[in-house]
Amino acid sequence: MFVALRDLRHARGRFALMTAVIVLVTFLVTFLASLTAGLARESTSAVTDLPADHLAFAMPGPDDAPAFTASQVTADQWRRWRGVPGVDAAEPLGVATTRAGSAAGTASVTAFGVPAGSRLLPAGSPDLTTGGVLLSPAAATELDAAPGDTVTVGGTALEVVGTTDVEASFAHTPVVWTTVADWQAVGARGTGSDDDPVATVVALTTSDDGAARGDAAVGTTTVTTAQARSAVASYAGENTSLTTMQGFLVAISALVVGAFFSVWTISRSADVAVLKALGATTRYLLRDALGQAAVVLTVGVGFGTLLTAVGGRLLPATVPVLVDTTTTVLPAAGLVLLGLAGAAVSVARITRIDPHAALAAH
Amino acid sequence: MDLHLDRITLVYPDGTSTLTAVDDVSLTVPAGTTTALLGPSGSGKSSLLAVAAGLTPPTSGRVRLGDEVALTPTTSVAEATRWRRDHLGVVFQAPRLLDSLTALEQLELHAHLRGRRPATVRRRALELLDAVGVADRAHHRPAQLSGGQRQRVAIARALVGDPAVLLVDEPTSALDHDRGVRVVELITSLARETGAATLLVSHDASTLDPVDATARLADGLLESPARPQRTEAPGGRCVSAPAG
Ligand SMILES: Nc1ncnc2c1ncn2[C@@H]1O[C@H](COP(=O)(O)OP(=O)(O)O)[C@@H](O)[C@H]1O
Ligand SMILES: [Mg+2]
């Protein structure tokens, strides 16, 4: 990159401007990715962190997509799941977003109903018995409740047995855990008698492909816990729109980079003709130009990503950004690759520049 | 080695018809000598130079270096590029230096284009910059050089690879008469030193005293075969009748 690097230095104003644009676009893309991941976490962390690998939904219609708001499994269904070969554990899980109240005030929470002594509770949680409720830290803070206090969940008074170490969040509300028996009052939606408790889904821990085998027999729709994110209404809507925005931004940045290098290549076509007339091969010139684009892109994307990494740490905790490799390095790599593609299309015109033009008088 | 242009014809498409810019021109430039190609504007001088440089293939005829055929009507773009890279130095009508490179780097670029480290030609580059009288401007960019200095850097650039053939297009068009003569003198003496067969295009006969021979084009036709500018070339060698 003999000429390319010297051009970078010589036309540093122009390249600095371009780099600044790339920095900002990268910041937007990676910040948006972090925000998307953060929001997704607020919508679904209680589901994705469940110590189970599949969830069986029982939807009202046979073609309905799994949804936590509509699914309802019977006691019979979860018992039958237990007998399916390859299923190591099958536990009912009730999921219902409701109102919780305490002496300090009220808050929206999602009640997760699990059997007493369930493995579905976060690791290290105190025992949960009938009449008790286990709070996630955010729920404890919002309700200003401590162990021993009484809180109401969906109208039922329960005693706080403790607080979990990790946050668990569902549909942007903190999660509280009750026994599936207590949960009936909150989420059973009036069907079934008291003797026939229901839950929302069956949480499965499977070995080999046990999950696939049970559906037909039990009449459920089973998905992995990761796929079950789409069954959370708030996640489905947010994620699509935010991901679409990111896609557009990445495409726009490729176009911007392409446009810049188009103009740049046109403005230096006289130089390219001279270089060709001096004996430069087209390959040499393409390598030079693409190398230059790679430098601009890498520097711009690097700084933009850094901005997100630093910015994400400075933001108050209420902004749900999640800065990690997938929300920074991955989109950054995408920006570099697509930017290079945009630049490649632009600098390809180098192949068409006629060295004969170098002889023309100017 | 001598440069031979054998019966070169170049026809440009010109709307529906064609335009014969160079018409069956044969010319030999002996190694180490400078032949001036004279003729009015539009007579085909640059076109002939473009053919010799491989910038456009001849419609018919061929370009030879010694006994080696270098360019024919079927020569590919890649082969023509290789011809320029390996054997040619070109000085364009305008200096055509790259804005972002210092004078020294303009010459070092020559090595880089050929896949060698720029430092390998630094000594030769500095020698040449000294020979053309801009050694003290070696680390300046074109914007910091005068027009004449730029032209001389361009001449040094063309010679840094010790080319067998040096092609020069109207080097004096932007210079006043005295400077023009000095540039032609410079090219002629450098050609002699380096042994480059030099073809120098000009429309201004008044600056051509120093050259070894002249040829004249009119409407693409060679009006007079190359004839010696002076009867005796320096060193007593007669250039009109190439020594066998
Ligand atoms: N690329 C080209 N395409 C078509 N016609 C050209 C081209 N270059 C030059 N010509 C024509 O060829 C003739 C010779 O031009 P040129 O070789 O530039 O003459 P000179 O250098 O002697 O002034 C002119 O009539 C010119 O218009
Ligand atoms: Mg001309």
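Predicted model: local features only at pLDDT ≥ 70, side-chain atom pairs only at ≥ 80, totals over all residues.
Residues are numbered from 1 along each chain as its sequence is written, chains are lettered from A in the order in which they are written, and side-chain values use heavy atoms, without hydrogens and water. Local features need pLDDT of at least 70 and side-chain atom pairs pLDDT 80 or more, whereas totals for chains and interfaces use all residues.

Between the chains, 27 residues of chain A are in contact with 28 residues of chain B (heavy atoms within 4.5 Å). About 2500 Å² is buried between chain A and chain B, 65% of it on carbon and sulfur atoms (accessible area, 1.4 Å probe, lost on putting two parts together, summed over both). Phe2(A), Leu278(A) and Leu359(A) lose the most area in chain A, together 30% of what that side buries. One salt bridge is found across this interface (side-chain nitrogen of Lys or Arg within 4 Å of a carboxyl oxygen of Asp or Glu). It pairs Arg6(A) with Glu105(B), with the closest N and O atoms 2.9 Å apart.

Chain A is divided into domain 1 (2-43 + 235-359) and domain 2 (51-224), with bounds from an automatic or database domain assignment. Taken over C-alpha atoms, the centres of domain 1 and domain 2 of chain A are 46 Å apart. Five residues of domain 1 of chain A are in contact with five residues of domain 2 of chain A. These two domains bury about 360 Å² between them, 32% of it on carbon and sulfur atoms, and the count of salt bridges between them is zero.
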